Every structure is written in structure tokens, then in C-alpha cells.
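Reader: I would like a close look at a single part of this model, followed by whatever else can be said about how the chain is put together.

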Amino acid sequence: MRQLHPWHSGVKFTCTYRPMAVRSAFAASPDWWTRRVGGRRGLPPLCPGMHLKGCGSGGCLRAQITSAMSSAAGPDLAEAPEERCFLSTAEAAALERELLEDYCFGRQQLVEWCGHASAVAVTKVFPLPALSRKQRTVLVVCGPEQNGAVGLVCARHLRVFEYEPTIFYPTRSLDPLHRDLTTQCEKMDIPFLSYLPTEVQLINDAYRLVVDAVLGPSVELGEVGGPCTRALATLKLLSIPLVSLDIPSGWDPETGSHAEDGLRPDVLVSLAAPKRCAGRFSGRHHFVAGRFVPDDVRRKFALRLPGYTGTDCIAAL
């Protein structure tokens, strides 16, 4: 007989280990711990072979524990936000800040995960065995902010996956991370275009698809300068498939304004979680690349997203 560590202040139980597990009221429902109480996860699972004492009825005991937990959690438990699929710009920034500050992930880690997952999404929609040698060409257009860094990583992984990426990076960032990622691409013999042809048909003929990594949800078009603006104007006229990373560049991240007269991607890869403007996406494929987001963070932001299959780093929405 020993004292169990209390789950919540003031709630203590004793236990007896037995050779065979004793089925309590909880055991009748194997997935009981995934049920939400007021928007949060329910009670933690019991250790195998552990029998709780202190109440003759398992149902009574469960009611007492739930009551104690509700009291300890405070009045906001019943006011937890409803689950949703989309994040506002402020929520997306807060989620990233939590990963960087509370979980101590590095910015390069997050960029690497997102870039790798974006490349995997390309392989799902445009699988290499279905492409001829000429069709393996991919143009990756990168901006000077974080989305551009994700695009550089995406290009590198596409090269590893035996595609033939080319990068157009008109406004290069002085950020050390961007410089390092650029060096990696150069050393892997990924070509960089010095300019983007204004003759749209030349791009249509030279590439199988284009990856849009110009703007992220926290960057406005006016902040990145003329070369990126001209590049987006050209991308709008292309007839080959377009893959946008996180949000279609030029869209308002909250309302999706400019969706009709802006870029119309065939594929959208939402990074970490979809942003509100993704609700207006009408392309063929929408993926979320957020397997790296811990479960506790998903619950905190009340995200309802599809599960990931096996070892997949992306999930189709």
C-alpha cells in the first residue's frame, strides 16, 4: 500500500497493486480519457492493475473526482473555447511564440519541419513516378520573410526527393537563417534565377508547377518591395499548377480578401494550423503540416484537425 501522487490539490487516493487488473467504471469505456470536460481533456488514465479505494461505486468515485477537478480548475473551465479549424493572425503568432518560448523549439527547427512537410505535400499531389523527366521541374518563388525561408527548405527537400527545383528569390534577406538556407541550396546545385521572365508562356513551358512562398500571414505586400509584387503579378497569369505555403500570397489572412482577383492556388499547405483565410480556399488539395505541434498546444488553442496517418507529417483537409 502506498500514497498516490494527487492529480489535483486536495484529492488523494490509495491503491493496491494486484496481479490482474480490476476493471473499474472507467475501464468500461477505453477512450474515456479523450472525452472533454468543458472543452479540456478529462481525467488521466489509470495505471494497469491499480484499484482505487474510497468509494463503493466506480460511478460515484468518478463523479467525486470530476467535481474536485472542476473546483480546482476554476470557473473558466466551462467557458473554454469551442473547437475550430482556423486560427486568426494573432492566435497563429501566439501559437508560434508558445513553441519558441515555452517548448524551446528553435526557429530553424520550425522552418525545417514546415519546409520538409511542404515538399512532402508536393510529392503527394505530383508523385514522381507519374512525371516524365521533363515534368520534374519546379519553380519555387521565395520572399524575404519566414515564408521565404520555408520555401528554401522546401526546394532543398524537393531536390533530395529527385525533383528538379529552381529558385527565384528576388529580395534576399540578410537574416543569418536565410543566408544559411541559401548556401545549402547553392551547394546542392539548385539554380537561382536572376529574374523572372515576363513572358508567361516561357514559365508554363519550363516548369511543371510553381511553389508560392512569397508572403506569410504576418507580412503585407507593401512590406516586401517591387520585385515580389511583380513576381506575384506574373504568378497570377500562369496556367500551370500553383502550390501556396501557409496562405496564398496577397490574400488577407483574416478575411481572404483578394481571393477572387489574386492568386488561385491548386494546392494549399497550411503550416502548423490553417489560417482564417483558408476558409475561402477552393483549390483541389488542402493539407495541414502541423504534426510537430504538441497535443497540449492543440488543446490550448482548441484546434480540431484531422489525425495523421502512420508516420505522415501532413494530413489532408
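Leaving aside its neighbours within four places in sequence, which residues is His286 in contact with?

Author: The model is a predicted one. Beyond its neighbours within four places in sequence, His286 is in contact with Leu268, Ser270, Pro274, Ala278, Phe281, Ala315, Ala316 and Leu317. His286 itself belongs to strand E12, which covers residues 285-289. Its relative accessibility is 11%, and because buried means under 20% relative accessible area, His286 counts as buried. With Ser270, one of the residues on that contact list, His286 also forms a polar contact between side chains, at 2.7 Å.

Strand E11 spans 267-271, and the loop between strand E10 (242-245) and E11 holds Asp252. Asp252 has a relative accessible area of 28% and is therefore partly exposed. Its side chain reaches two backbone nitrogens: that of Glu254 at 2.8 Å and that of Thr255 at 3.0 Å. Not counting residues up to four places away in sequence, Asp252 touches Ser257 and Cys277. Asp252 and Glu220 are 32 residues apart in sequence, and their C-alpha atoms are 8.4 Å apart in space.

As for the whole, the protein chain has eight helices and 13 strands. Of its 317 residues, 44% are buried. Among contacts in the protein chain with a separation of 6 or more, 70% are between residues 24 or more positions apart.

Two packed helices are described by the angle between their axes and the distance between the axes. Helix H3 (residues 107-125) and helix H4 (residues 146-160) have axes that come within 7 Å and cross at roughly 55 degrees. That angle makes H3 oblique to H4. The crossing of H3 past H4 is right-handed. On the H3 side, the residues that meet H4 are Arg107, Val111, Glu112, Cys114, Gly115, His116, Ser118, Ala119 and Val122. On the H4 side they are Gln146, Ala149, Val150, Val153, Cys154, Arg156, His157 and Leu158. By class, this contact of H3 with H4 has nine nonpolar, five polar and three charged residues.

H4 also packs against helix H5, residues 176-187; here the axes come within 9 Å and cross at roughly 20 degrees. H4 and H5 are therefore roughly parallel to each other. H4 passes H5 in a left-handed crossing. From H4, Gln146, Gly148, Ala149, Leu152, Val153 and Arg156 take part, and they meet His178, Leu181, Thr182, Gln184 and Cys185 in H5. The contact of H4 with H5 divides into five nonpolar residues, five polar and one charged.

Leu181 ties these helices together as an example. Leu181 is placed in H5 and is buried, with a relative accessible area of 2%. Leaving aside neighbours within four places in sequence, Leu181 is in contact with Val111, Ala149, Leu152, Val153 and Arg156. Val111 is among the H3 residues that meet H4, while Ala149, Leu152, Val153 and Arg156 are H4 residues that meet H5. Leu181 and Val153 are 28 residues apart in sequence, yet 6.8 Å apart in space, C-alpha to C-alpha.

Definitions and conventions: Residues numbered from 1 in each chain as written. Predicted model: local features only at pLDDT ≥ 70, side-chain atom pairs only at ≥ 80, totals over all residues. Heavy atoms only, no water. Helix = DSSP H or I, 4+ residues; strand = E, 2+ residues; numbered from the N terminus. Buried < 20%, exposed > 50% of the residue type's maximum accessible area, 1.4 Å probe, protein only. Polar contact = N/O pair within 3.5 Å; in protein donor to acceptor, adjacent residues only side chain to side chain. Contact = heavy atoms within 4.5 Å. Axes fitted to C-alpha atoms, helices over the stretch in contact; angles between N-to-C directions. Parallel < 35°, antiparallel > 145°, perpendicular 65-115°, else oblique. Left-handed = near helix turned anticlockwise from the far one by under 90°. Nonpolar A, V, L, I, M, F, W, Y, C, P; charged D, E, K, R; others polar.
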